[in-house]
Amino acid sequence: MHVVERDQFVFSFSGNHPPVLAVQSGERIVLRTNDCFSGQIRGDQDLVTSIDYGKINPATGPVFVEGAQPGDVLKAEIIRISLDGQGVITTLPDIGTLIHHSEIRSKTVQIREGRVQFSDRIEFECAPMVGVIGVAPSEGEVACGHPGRHGGNLDSSCIAEGASVYLPVFVPGALFGLGDLHARMGDGEMCGTGVEIAGEVEVRLTVLKGIPLAAPVVETKDSWHSIASDHDVLAAIRQASEDMQSMIVRSWELTPTDAYLLMGAVGDVQMSQCCKPCPVETVVRVRMPKLEGMPGLVE
């Protein structure tokens, strides 16, 4: 199995980045990742105010997937997420839902037997997830810290082991990358970080043809999630809702209004990332449960 080491990374998604690996559609690979701070925070004494912000959110890759062409879809199946032994949670300047009521702090935490040791009295189970996952955009470059229709910093807790992420392809080979693992992150990422950590991800990359997809979609065991971002939270919700409605109309053969009624009955609007001030994007997702007897919304 191919392994991409954590020293092979980029800080942006771009069609101009040379690939570090080429694989066939359907192959499984392992990507070893840095944490979102590129290892700059080693202990509680290391504050975000003293790090190089040009080294934020590295994505391991990019990986060229043979046969992927603009208009296709790249399916990335998250098979396994393995975590390093230490993570960090921080507050950040001018970021967070309690932005005016907190101090700048770094808190390093240990990971033991699948649990986060927050303090002598508090521990909780890990729920490993991928924060940054995407492909090259159609033109230019997008910093890994930003989300978009190419993916990027989606910070959605549903992107965990067993999930499949569907990404529209914009350039030949897709140029896939991922990083920014979390041992656990609450929806919304309220203080600007979750338990940021390095680790590795085993993923299967498969090219799908003939599927109209405009933005990232995540499939879990029991649900479908359309993901959208915008500096205006209501605009992001509207876009994710429209994307979900379109998939339901196409795959479940409902009228747009019936799809909308069904979404109101069993769907959910969920927050992925709401910690950043305008004009930085908010990330939301619309979840629809898998309904008995109904086909998949993407494949």
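Predicted model: local features only at pLDDT ≥ 70, side-chain atom pairs only at ≥ 80, totals over all residues.
Me: What volume does the largest pocket have?
Reply: Rolling a probe the size of a water molecule over the atoms shows where empty space is left. On a 1 Å grid over the protein atoms alone, a pocket is an open set of points where a 1.4 Å probe fits, with protein on both sides within 12 Å along at least five of seven lines. Volume is the space filled by probe spheres on points joined across faces, edges and corners. The largest pocket has about 510 Å³.

Me: Which residues of its lining lie nearest the centre of the largest pocket?
Reply: Lining residues have an atom within 4 Å of a point. Among the 25 here, Ile89, Thr90, Thr91, Cys191 and Thr193 lie nearest the centre.

Me: What volume does the second largest pocket have?
Reply: The second largest pocket has about 410 Å³. Of its 24 lining residues, Ile56, Asn57, Ile95, Gly145 and Lys276 are closest to the centre.

Me: Which residues of helix 1 meet helix 2?
Reply: Helices are DSSP runs (H or I, at least four residues), numbered from the N terminus; contact means heavy atoms within 4.5 Å. Ser241, Met244, Gln245, Ile248, Val249 and Trp252 in helix 1 meet Pro256, Ala259, Tyr260, Leu262 and Met263 in helix 2.

Terms used:
Residues numbered from 1 in each chain as written. Heavy atoms only, no water. Helix = DSSP H or I, 4+ residues; strand = E, 2+ residues; numbered from the N terminus.
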